[in-house]
Amino acid sequence: MCRAVAKTLGAAYIDTGAMYRVAALAVLRAGIDPQDTQAVIEATRDLPLGINDDPDSTNVLLDGEDVSAEIRGPEVTQIVSAVSAIPEVRENLVALQRSMAERAGRAVMEGRDIGTVVLADAPAKAFLTADAEVRAKRRFDQDQAAGREVDFETVLANVERRDRLDSERATSPLRPAEDAIIIDTSDMSPEEVHDALLGVVEESCGEWDEELEDFDEEERWEELEEEYGLGRPDVVEEALCTVAIVGRPNVGKSTLVNRFIGRREAVVEDHPGVTRDRISYLADWNGQRFWVQDTGGWDPNVKGIHASIARQAEAAMATADVIVMVVDTKVGITATDEVMARRLQRSEVPVLLVANKCDSDMQLADMAEFYALGLGDPFPVSAQHGRGGADVLDAVHAAFPEEPRSASITEGPRRVALVGKPNVGKSSLLNKITGEERSVVDSVAGTTVDPVDSLVQLDTHLWRFVDTAGLRRKVKNASGHEFYASIRTQNAIDAAEVCIMLIDASEPVSEQDQRVLRMIMESGRALVLAFNKWDLMDEDRRWELDRDIDQQLAHIPWVRKINISAKTGRALQKLEPAMIEALESWDQRISTGKLNNWVREVIAQNPPPMQGGRLPKVLFATQASTRPPVIVLFTTGFLDAGYRRYLERKLRESFGFEGSPVRIAVRVRERRKRS
């Protein structure tokens with residue numbers, strides 16, 4: 001029965017009775033008299049015991065051998081009470097049982113002293129009892145099924161003798177805990193016992209959850225700060241050096257960045273101008289963490305979007321602790337390389353020259369011409385094949401200053417992903433709220449390729465905003481950097497906590513918008529809808545937009561909708577309250593007691609439709625997780641999608657969950673066949 005309950009609740013199952021039986025079996029195999037206390041203690045001190053906590057497994061191991069059948073035999077049954085009554089044996093096994101429960105976190109544990117000794121603080125305790133004759137009949141049937149030759153009178157005598165010994169022993173006697181719920185199973189079917197145990201969990205753990213709600217976390221942090229001088233850390237700030245990777249377009253900067261950080265993060269394609277913004281990645285070399293900043297190709301004589309890209313590279317050079325200039329060995333020195341080198345000769349920070357695309361020793365002679373740039377010895381490197389990268393990292397590490405130019409925040413602020421189709425205004429919004437040209441902005445769709453992180457202090461909180469690439473209509477048809485940009489955007493959504501989805505208010509809600517919305521919903525992130533370009537609206541378009549919302553977005557009435565203009569700054573102050581509300585809903589947890597009371601009321605108002613001529617019954621409800629909230633219903637029958645939508649609507653009416661998706665899962669209890 002405990003296995004069945006553990007399986008229903010998705011918990012670990014720990015059979016402590018089997019542990020004592022293994023100890024008794026070890027005593028039998030060693031030929032020790034159970035009355036020889038000291039010998040029994042020595043034989044069970046370092047017991048090579050293994051218990052599988054999977055409810056579907058019956059494996060019990062003694063020195064690597066499965067003894068699950070042997071420990072149920074009559075020989076073990078006769079001496080297990082005498083062995084388990086020895087205080088030293090119980091102390092050793094109780095310590096093991098507690099550690100197993102702690103590791104499992106959520107467990108169903110059975111045994112005669114679990115509620116009184118092993119886990120006296122357990123939130124749910126049930127004491128199962130039955131008449132001795134009933135229990136003897138169950139054990140007799142179990143032995144018969146296992147092929148053991150026993151008679152009923154002997155089994156009954158063993159049960160009564162063990163009850164007497166367990167109840168009268170001095171150490172951990174058999175008795176119910178004061179707060180345990182006693183269930184007499186003599187006249188109950190297995191299904192009824194199963195439901196009763198779930199009811200104990202519902203009642204006891206529901207009250208326990210309500211006690212947790214009274215815990216004031218802010219008050220606890222104030223106590224810690226007063227007692228130990230601790231403050232609640234909102235962010236983690238580290239003094240990390242920054243390495244800026246610069247050079248003209250298509251010399252392999254992003255490929256070198258991927259080599260430095262040891263993973264494929266930066267989008268790479270054999271086409272100039274793929275990287276447009278300055279992107280920072282955390283790297284580690286020789287035990288020291290540092291930032292690697294990828295930049296777009298630099299050129300002094302460009303206009304439009306390319307001028308914006310060059311300004312991003314210049315900003316990276318101005319704030320770095322070490323600069324790595326990358327040139328192309330196959331091309332040699334160009335006029336752009338010479339101009340950049342002259343600028344870097346005046347730099348106040350160390351500059352390293354890397355000659356990339358040096359794929360073989362035959363090209364080493366080509367290194368000589370790069371001395372003309374006046375930046376010292378060039379490092380021959382093949383970023384594509386991994387050649388020479390370690391030498392550059394060693395030199396970078398040696399060039400780091402003792403104190404970085406500035407400290408940076410590496411953890412803490414909640415992550416906000418700006419998502420939407422191309423050219424909807426994501427980068428413009430990021431630049432507006434940061435007050436600087438953090439992302440390259442252009443009227444050409446698809447300007448942003450790599451996700452761009454920025455720390456932004458709004459009215460009440462510090463946030464980490466992530467500007468993402470616009471998702472095109474069909475990713476599977478995308479190629480080159482567009483394909484990898486879409487993958488990075490999906491990863492940014494998965495890593496975020498709340499997404500601000502931008503929709504162009506001046507255009508109809510498109511299939512692309514719906515596809516982006518589905519990606520966010522599938523990822524389970526909190527959500528805020530921002531209708532951008534409101535400055536382009538007229539009265540006719542406003543009426544059409546209302547119609548689009550009613551028709552295209554009717555399935556997400558719980559999402560907060562804000563009309564903004566990234567160009568003029570209209571209503572941007574409304575974004576933070578909406579994000580806070582969505583995240584609070586995303587983190588919200590309903591106590592088990594409240595949830596089950598709500599389920600009973602809602603089902604009484606509108607029962608679920610019948611399935612196969614039977615009315616499904618909800619046995620138990622619990623919130624399995626948050627971020628996003630997941631409600632699990634244990635039922636006797638299937639609940640169709642329409643009824644689950646009804647439950648979600650009523651759940652939101654009672655508990656809110658504004659701005660957060662809610663998932664309702666149904667676990668149907670399999671009916672057990674009565675023999």
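1. Pro123 sits in the loop that links α6 to β6 (126-129); helices (H or I, at least four residues) and strands (E, at least two) are DSSP runs numbered from the N terminus. Because its relative accessibility is 34%, Pro123 counts as partly exposed, where buried means under 20% relative accessible area, exposed over 50% and partly exposed in between (1.4 Å probe, protein chains only). Between the C-alpha atoms of Pro123 and Asp179 there are 9.4 Å, although 56 residues separate the two along the chain.

2. The model is predicted, with local features needing pLDDT of at least 70 and side-chain atom pairs counted only at pLDDT 80 or more, while totals for chains, interfaces and linings use all residues. Residues are numbered from 1 along each chain as its sequence is written, and side-chain values use heavy atoms, without hydrogens or water.

3. The largest nonpolar core has 33 residues, of which Val22, Leu49, Val60 and Val83 touch the most other members. Such a core is a set of buried Ala, Val, Leu, Ile, Met, Phe, Trp, Tyr and Cys residues joined through side-chain atoms within 4.5 Å. Elements that each supply at least two residues of this core include α3 (37-44), β2 (49-51) and α6 (114-118). The most come from α2, which gives 9 residues.

4. Beyond its neighbours within four places in sequence, Val60 is in contact (heavy atoms within 4.5 Å) with residues including Ala18, Val22, Leu49, Ile51 and Ile71. Ala530, Ile564, Leu575 and Ala582 are among the 26 residues of a second, separate core.

5. In α4, the buried residues are Val76, Thr77, Ile79, Val80, Ser81, Val83 and Ser84. These buried residues pack against α2, α3, α5, α7 (132-145) and α8 (152-168).
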